[in-house]
Amino acid sequence: MRRAETVAAPIVRKAYRVSSIVRPTPIAPPALRPGDAVGLIAPASPFDRPRFEAGVAFLKALGFEPVWEESLFEADAYLAGPDERRLAELQRMARDPDIRAVLAVRGGYGTMRLLPDLDFAGIAGQPKIWIGFSDFTALHLAFQARTGLTTIHGPQLVTLPAAPAEAVERLLRLVARPEPLGTLFPEPAACWRPGAVSGWLLPANLTLLCCLLGTAYLPDLKGAILCLEDTGEAAYRIDRMLTHLELAGVFDRAAGLVAGQFTLNTDDPQTYAALVERRFKEIALRHGLPLLGGAPFGHLDANYPVPVGVRARLDADAGELTVLDPCVH
């Protein structure tokens, strides 16, 4: 008797609801004015004192008044002091009515340890501008989930002096002018998959986004234009994290995708960067997402600011990401 031929069943990809936390109504903080106080916080790792002083001088030259607490300089291994110190510092800056903006000194690790004890109601009730990137992603995501407050993924104090003048000028426009910035990047990014879509902006460090999956600090990602970056990772780890997001249903909820800068831990960056690009393209194709690549944000001097939570238009064919809402009022 002839054995029946076995036919492999097609793969069915089930869409999962990655988060049920509906984003609160967006809140735009008041615009920053010349002479305003900018609170400096270290919610993650310790930092180099000379780079701190250079950042303070740079901030003063821009016309703002940096404010910090002496405990800012504490260090406990890879943390800028114990959780209690870092949390209290953040909360005091959030509650101080004279502080109009809060700027992270650096990233590293440790911000997500503070999330369970943050006073989100107080932060939403006294909105101000919050700026940072890398480990600061924990606050960007948590604020979107719990407050709706518009924040800015952008240079931190110790990286600000090395930023190109155009990136600094765009940051100043975002924090000081109650009008949409328009196109975010100075030159068109690479079109890795064509298409155009409108949505809300969510720039994030890839590692931190993965770490907050399944927590109460990740908003529903429906309609998000995900802008991802990371540093110091091997290509296979980038692949693994992107696969994690895919299996969790993130790309079923997103509207579009932007790959920023991925500085890889390898002796052959060109070969492994091509592998990362290929993985992004595979995911975008499978989920029907327009995709920009090589956008100038992330762990490099030219870290152009990207607002968090505002409406935007992604036109991959034109290589453009355009902000449709002001970040401040």
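Which residues of helix 4 are buried? In this predicted model, local features need pLDDT of at least 70 and side-chain atom pairs count only at pLDDT 80 or more, while totals for chains, interfaces and linings use all residues. Residues are numbered from 1 along each chain as its sequence is written, and side-chain values use heavy atoms, with hydrogens and water left out.

The buried residues of helix 4 are Thr137, Ala138, Leu139, His140, Leu141, Ala142, Phe143, Gln144 and Ala145 (buried: under 20% relative accessible area, with a 1.4 Å probe and protein chains only; helices: DSSP runs of H or I of at least four residues, and strands: runs of E of at least two, both numbered from the N terminus). Because nine of its ten residues are buried, helix 4 is largely enclosed by the rest of the structure. After helix 4 comes glycine 148, with a positive phi near 80°.

Threonine 150 sits in the loop between helix 4 (137-146) and strand 5 (151-153), and its 5% relative accessibility means that threonine 150 counts as buried. Beyond neighbours within four places in sequence, threonine 150 is in contact (heavy atoms within 4.5 Å) with Ile27, Ala28, Pro29, Gln144, Val308, Val310 and Cys327.

Turning to a helix pair, the axes of helix 7 (residues 235-247) and helix 9 (residues 269-287) come within 9 Å and cross at roughly 10°; axes are lines fitted to C-alpha atoms over the stretch in contact, and angles run from 0 to 180 degrees between N-to-C directions. Helix 7 and helix 9 are therefore roughly parallel to each other (angles under 35 degrees). Helix 7 contributes Ala235, Ile238, Asp239, Leu242, Thr243 and Glu246 to the contact, and helix 9 contributes Tyr272, Val276, Arg279, Phe280, Ile283, Arg286 and His287.

Note on methods
Parallel < 35°, antiparallel > 145°, perpendicular 65-115°, else oblique. Buried < 20%, exposed > 50% of the residue type's maximum accessible area, 1.4 Å probe, protein only.
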